[in-house]
Amino acid sequence: MIKLSNVASGLNGTIKIPGDKSISHRSVMFGAMAKGKTTVENFLLGEDCLSTIDCFTKLGVTIEKNGSNITVYGNGLEGLTEPTDILDVGNSGTTARLIIGILSGLPFHSVLIGDESIAKRPMKRVTGPLKEMGARIQGNQDGNFTPISIQGGHLRAIDFVSPVASAQVKSAILLAGIQGIGTTTVKEPYKSRDHTERMLRAFGVRVEEDEFTVSVQGGQELKANLHIIVPGDISSAAFYLVAGAIVPNSKITLERVGLNPTRTGILDVLKKMGATMSFSNVEEEAPEPFADITIETSTLNGTEVSGDIIPRLIDEIPIIALMATQAEGTTVIKDAEELKVKETNRIDTVVNELRKMGADIEATDDGMVIKGKSMLTGTNLNSYGDHRIGMMGAIASLIANGETSLENAEAINVSYPNFFEHMEELKKGKE
Ligand code: S3P
């Protein structure tokens with residue numbers, strides 16, 4: 001349990017946001033599948049991405065770490081070998097779902113486990129279509145929950161219509177698809193984040209896209225000798241973007257934040273709610289655009305967040321909910337049922353924690369309704385082991401009256417290991 005206090009003098013200064021979690025995972029996975037050396041700069045040393053490194057090390061890949069730079073020595077798909085140990089994905093849904101897709105096409109047996117949260121997260125959304133492709137997968141409740149056992153082998157292509165816009169589902173099937181016979185297609189209800197498509201292309205794989213449909217031909221090899229620069233994670237930046245907007249007397253610059261359009265829903269919401277933001281050092285070059293973002297204390301108004309923007313900000317909804325408590329009027333978040341199957345049921349955990357602080361917030365079936373503006377009061381918060389719930393609570397403490405305590409704060413290490421160091425720097429106003 002840690003104790004947190006509010007900040008009267010504002011948050012000021014410049015911070016460098018740690019590497020993007022989604023891109024960091026993929027750099028290890030695709031580097032491991034490719035033939036040759038992949039060097040990665042600004043890799044996220046959060047627990048989730050370390051779980052990915054651990055799993056691929058157990059699959060026979062040499063991965064060297066040097067601070068936040070890593071080198072992956074891939075030997076192609078045939079260089080991945082049967083693990084003698086169980087693969088432990090920890091808290092990471094991305095590791096679990098993408099690795100199942102990769103292992104489905106490889107001629108050996110592996111067993112996958114994770115932590116308590118992973119054991120509750122639905123895997124059938126990937127194991128179902130992968131079994132249709134020919135993979136032999138077993139797990140609790142008909143392959144829906146860990147522990148999961150995978151006997152990989154020959155795969156055939158699939159035309160899969162996904163009921164959810166999920167990059168994890170799309171990626172798992174595409175990663176199996178490039179190992180199968182024929183052309184695999186995934187169609188989504190809305191476009192989910194496209195880091196897999198962008199990075200596969202950088203590794204020389206042909207990927208066809210048409211609005212909400214992505215296709216790959218089987219039998220393609222990934223070619224390495226690549227240097228990947230991971231931009232800062234916009235999902236981590238979101239916490240300090242909102243902090244900058246809601247904490248009085250603040251002005252914060254966040255350096256090299258990834259601006260992939262499939263991830264920038266949070267910026268659209270900030271603008272719509274009235275935040276004062278500016279962009280500099282914009283780098284639009286493929287494969288992943290980024291820029292520095294400056295934000296300052298702003299007068300905010302409520303808004304509706306629904307429809308096709310949801311996959312573009314799904315991980316930012318906890319911090320958007322906190323922002324809405326500080327906006328005039330009502331904010332309605334809809335079409336976000338996916339929140340129920342994240343690290344926690346984030347409709348419940350967000351509403352619980354913000355309500356404890358005095359927010360006017362109601363859960364709905366597919367989101368929440370927040371009425372602002374509320375004065376928040378310090379209390380005893382819990383992350384429930386969910387990094388984003390922990391960070392939402394810690395940012396809320398900055399504007400709350402009195403002291404806040406946060407149980408299970410260490411969950412934040414999953415995606416933002418230096419979160420509290422950045423908070424201290426910004427409180428001191430270090431440039
Ligand atoms: C991720 C996709 C999203 C996101 C998660 C990371 C990825 O999950 O919530 O934090 O790296 O592909 P879904 O695919 O379940 O929407």
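Contact here means heavy atoms within 4.5 Å. Welcome to this predicted model, where local features need pLDDT of at least 70, side-chain atom pairs count only at pLDDT 80 or more, and totals for chains, interfaces and linings use all residues. Residues are numbered from 1 along each chain as its sequence is written, and side-chain values use heavy atoms, with hydrogens and water left out.

View 1. Setting aside residues up to four places away in sequence, F419 touches F239, Y240, M391, A394, I395 and I412. A nonpolar core is a set of buried Ala, Val, Leu, Ile, Met, Phe, Trp, Tyr and Cys residues joined through side-chain atoms within 4.5 Å. Buried means under 20% relative accessible area, exposed over 50%, and partly exposed in between (1.4 Å probe, protein chains only). The largest such core has 74 residues, and Y240, M368, I395 and F419 touch the most other members. Helix α8 (residues 234-246) gives this core its largest share, 10 residues. Helices are DSSP runs (H or I, at least four residues), numbered from the N terminus. Another core, of 63 residues, lies apart from this one and includes V28, L175, V207 and V216.

**View 2. K21, a buried helix residue.** Look for K21 in helix α1 (residues 21-33). K21 counts as buried because its relative accessibility is 8%. Leaving aside neighbours within four places in sequence, K21 is in contact with L44, D48, C49, T94, D233, H387, R388, V414 and S415.

**View 3. R346 and its surroundings.** R346 belongs to helix α11 (residues 346-356). With a relative accessible area of 0%, R346 is buried. Beyond residues up to four places away in sequence, R346 touches D315, P318, L339, K340, M368, D386, H387, R388 and I389.

Definitions and conventions
Helix = DSSP H or I, 4+ residues; strand = E, 2+ residues; numbered from the N terminus.
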